[in-house]
Amino acid sequence: MPSPQPHPIDEASAGFGGGPLSLGIREWLGLAIVVAGAIVTVAQFLAFAAARPAVWNALLGGSAAALATALGTVPVVFCQRLSERVQDTLYGFGAGVMLAACAFSLIIPGLEAARTQGGGPWAAGGVICLAILLGGLALMGMDLLLPHEHFIKGREGADGQAARRLRRTWLFVIAIALHNLPEGLAIGVAYAGNDGLRANALAVGIAIQDVPEGLVVAGPLLAAGYRRGFAVPLGAVSGLLEPVGAVLGAAIIGQSAALLPWGLGFAAGAMLFVISHEIIPESHRKGHEAFATSGLMLGFVLMLLLDTALA
């Protein structure tokens with residue numbers, strides 16, 4: 001009878017000369033260096049952002065959106081699972097908010113910015129149209145490089161139904177997390193445009209939209225069989241790309257006012273691609289089109305109201 005193999009944890013703990021949590025001097029030294037480097041990097045970044053109001057405001061706006069995403073995961077702590085109808089309604093709501101943000105907080109301000117820089121109606125429209133297409137193409141390229149559920153259909157084995165559901169869940173979670181980058185970029189670009197009221201309206205609208213977004217990330221993971229201790233933290237951290245995108249948008253656009261209409265149009269194109277390619281198809285996939293469409297219209301008018309009332 002073959003002898004049992006040692007447990008991986010036993011091997012790992014033996015390498016450190018103690019229990020699984022004990023570390024040697026070199027490990028503690030390496031950890032201290034990493035922590036010190038992280039502290040220095042954060043301090044330098046905060047000093048950089050504090051000297052640039054647009055970057056600082058973008059960081060605050062993006063962080064608020066990320067916090068809203070984390071807030072949206074709270075109901076998952078108390079409920080067993082969301083019904084598919086509620087999930088699809090929330091997907092539609094998020095799509096509606098994003099669609100209105102594209103039109104009223106990105107495209108229209110982009111046209112105005114292009115005109116103030118001396119472009120005529122045709123030139124301004126051409127710049128924004130080209131920027132929208134570039135934003136959509138960028139997200140399309142990312143989609144082609146990443147695995148997608150269309151490429152795995154028909155390749156499952158005997159337990160294919162469960163495997164396909166699990167893959168679809170993870171692909172959607174990844175898509176939601178990735179699309180937070182153009183959302184953050186939109187916030188940063190708006191603050192770089194030096195229109196604080198409009199940027200605040202966009203940040204508030206995206207933050208409101210991010211509340212159900214955190215819910216629709218954690219909810220499907222819980223429904224797929226993962227524990228709350230895994231689904232809720234993952235849903236919360238899925239919004240961390242928002243402040244990253246916001247800082248990048250403000251820092252890049254802030255270097256040149258001529259890039260403002262391009263940045264606004266690019267962010268709008270990226271968001272339009274995510275709405276059409278990921279969110280709306282997912283909300284209609286299970287046969288709850290009426291609820292998804294109702295959520296989309298509600299989200300659209302809410303964002304429209306926020307944009308017009310706060311602008």
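Helices here are DSSP runs of H or I with at least four residues, strands are E runs of at least two, and both are numbered from the N terminus. On that basis, the protein chain has 13 helices and 0 strands. Read along the sequence, the pattern is α-α-α-α-α-α-α-α-α-α-α-α-α.

A word on the source: this is a predicted model, where local features need pLDDT of at least 70 and side-chain atom pairs count only at pLDDT 80 or more, while totals for chains, interfaces and linings use all residues. Residues are numbered from 1 along each chain as its sequence is written, and side-chain values use heavy atoms, with hydrogens and water left out.

**The chain as a whole**

Of the 311 residues in the protein chain, 42% are buried (under 20% relative accessible area; exposed is over 50%, partly exposed in between, with a 1.4 Å probe and protein chains only). The accessible surface is about 15,900 Å², and 72% of that belongs to carbon and sulfur atoms; such areas come from the Shrake-Rupley method with a 1.4 Å probe, and for residues only the protein chains shown count as cover. Take the contacts (heavy atoms within 4.5 Å) between residues at least 6 apart in sequence: 83% of them join residues at least 24 apart.

Helix 6 (residues 121-145) and helix 12 (residues 260-284) have axes that come within 6 Å and cross at roughly 45 degrees. Axes are lines fitted to C-alpha atoms, for helices over the stretch in contact, and angles run from 0 to 180 degrees between N-to-C directions. The pair is therefore oblique; under 35 degrees would be roughly parallel, over 145 roughly antiparallel, 65 to 115 roughly perpendicular, and the rest is oblique. Residues meeting here include V127, I128 and L130 from helix 6, with P261, W262 and G265 among those from helix 12. By class, the contact has 17 nonpolar, 5 polar and 2 charged residues (nonpolar: Ala, Val, Leu, Ile, Met, Phe, Trp, Tyr, Cys and Pro; charged: Asp, Glu, Lys and Arg; polar: the others, Gly among them).

| Residue | Place | Relative accessible area |

Leaving out residues up to four places away in sequence, T69 touches D210, G214, G235, A236, S238 and G239. With that exclusion, G249 touches L185, G188, V189, A192 and G254. G249 and L185 are 64 residues apart in sequence, yet their C-alpha atoms are 4.7 Å apart in space.
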